[in-house]
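Let's take a friendly walk through a few helices and loops. Have the sequence and the structure open beside you as you read.

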Amino acid sequence: MKFKMSCRDDDDAISHGSMLGGKPNRCVIYPPNSSIVAEALEIRNKDWIVRTKVSSDLIVQVGDFSFHLHKLAMVSKSGYLNRLVFAKRSEQGENGGGLKIVVDDIPGGSKSFELVVIFCYGMKIDATPTNIAPLCCAANFLEMSDDLHRGNLISRSEAFLSCAIFSSWKDTFQILKSCELVSPWAKELLIVKRCSDAIAWKALLEPKAFAFREDSNEYLKAGEATHNWWFQDVSTLRIDHFIQVIESIKRRGMKSELVGSCIAHWTAKWFSRIAFGFDNLTLPKHLTQKLQRITVESLINMLPAEKNSVSCNFLLHLLKLGLVMQINPEISSKLETRIASMLEQCSAQDLLVKNYGDKDTTYDVRVVIRVVKTYVLFALKNPTPRLCIVGKLMDDYLTLIAWETKLAINDFTSLVDAVPKNARSCDDNLYRATDMYLKVFSSHFLYSA
């Protein structure tokens, strides 16, 4: 098997916390001897024509493109095309002339099939991390195994795929990104799983284990903790691939605090306009309402079970996001219960969850009311002397949001009544917050009048 392959270890810069910069690895795949060698390749509009000494006797329609080919060159390396050609020839009979077959569902579409044709006609393929996964899937779809021809495309594309996945951090991400176009096949061939395992394995390493250029250590020089160096790159992944990476990382024993922080980082990037207080509410356009809901539910379900693995503030943001997306009530209830169990360790600042509408208050108080009521219900069933801690927490929170001019009276009173009277050992903070709110409310009322 002949290859000209360049699979280097990571030697590219960390730029803004990412290791995905730099030139990708490449591989030249040389095919075995072909029964028909192309003299020239021509593309006319949407016709892909192979010029040889023998006239074309096979047209393969892939999407909008027509490939004018030769049966011998294609069927000798593809079991799938062999069957289609045999069936078509049986249908047309011996005097049917040239054959035309339609292949609409090939992974990677016409771009992958173009590389397949190049291979079948004895020309080299320039394989890269961006096209190797679709090419590998297409080769498997077309059944181009060594059983038909030694050194066929499945084995040759697989060799570079394995090399690229495990040798280079950035190539692994490029391969995983390309799997989005061929998702079912990439999952069935375990390409997604292998990429996820490779990312998880390297995420457990110190970044010093990778070779960097001396003039490109911005991320390390900035004093960032080395244990989360991989967050930025993992946050670029689509939700289904992100889930696979997180599951793989968990299996390898990553600390739950790091897993939780990584989930928070991904959420901040993909839902920042809702969850983390950016100025304008703009959801990613490519996400449908259903996909948004499924995404939020998936994020909640994948949270580490350990109590201190994620912050109370992040969970409140996630709960608000879930309520906006109308997620499964059982999932939101489970999340409310988890947040309620953390209230005794929270500060008032942890409860600040930003709103976004012009008519809304700066902070969402209703999501806090929901969680506090859940806590009180639990506390009343399981009496605990720490109820006074949550009482003080609510008074501190009331002091923080009392200046809100748009805070409705019923919301303020709901916050006051959210905890029972015996939860307060002293009413001084409550009086202070109430006095502040009444002054702000009166001033706003007079100004509006």
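Throughout this report, buried means under 20% relative accessible area, exposed means over 50%, and partly exposed lies in between, using a 1.4 Å probe and protein chains only. The model is predicted, so local features need pLDDT of at least 70 and side-chain atom pairs count only at pLDDT 80 or more, while totals for chains, interfaces and linings use all residues. Residues are numbered from 1 along each chain as its sequence is written, and side-chain values use heavy atoms, with hydrogens and water left out.

## Loop residues with positive phi

Most residues other than glycine have a negative phi. E143 is not a glycine, yet its phi is positive, about 60°. E143 sits in the loop between α4 (132–141) and α5 (153–167), and is partly exposed at a relative accessible area of 30%. The helices named here are DSSP runs (H or I, at least four residues), numbered from the N terminus.

L190, also a residue other than glycine, has a positive phi near 65°. Look for L190 in the loop between α7 (183–188) and α8; with a relative accessible area of 44%, L190 is partly exposed.

## Helix α11 and its neighbours

Helix α11 covers residues 239–251, 13 residues in total, and reaches 18 Å from its first C-alpha to its last, close to the expected 18 Å. That expected span is 1.5 Å times one less than the number of residues. After α11 comes G253, with a positive phi near 90°.

Which residues of α11 are buried? They are I239, H241, F242, V245, I246, S248 and I249. These buried residues pack against α6 (169–178), α8 (191–203), α10 (231–234), α12 (256–270) and α14 (289–301), where contact means heavy atoms within 4.5 Å.

## Where α12 meets α15

α12 and α15 (residues 312–325) pack at an angle of about 45°, with axes 11 Å apart. Axes are lines fitted to C-alpha atoms over the stretch in contact, and angles run from 0 to 180 degrees between N-to-C directions. On the α12 side, I263, A264 and T267 make the contact, and on the α15 side F314, L318 and L321 do.

## A buried asparagine

N355 lies in the loop between α16 (329–340) and α17 (366–381), and is buried, with a relative accessible area of 14%. Its contacts, leaving aside residues up to four places away in sequence, are K320, D360, T361, T362, Y363 and D364. K320 is 35 residues from N355 along the chain, and their C-alpha atoms are separated by 9.5 Å.

Technical notes: Helix = DSSP H or I, 4+ residues; strand = E, 2+ residues; numbered from the N terminus.
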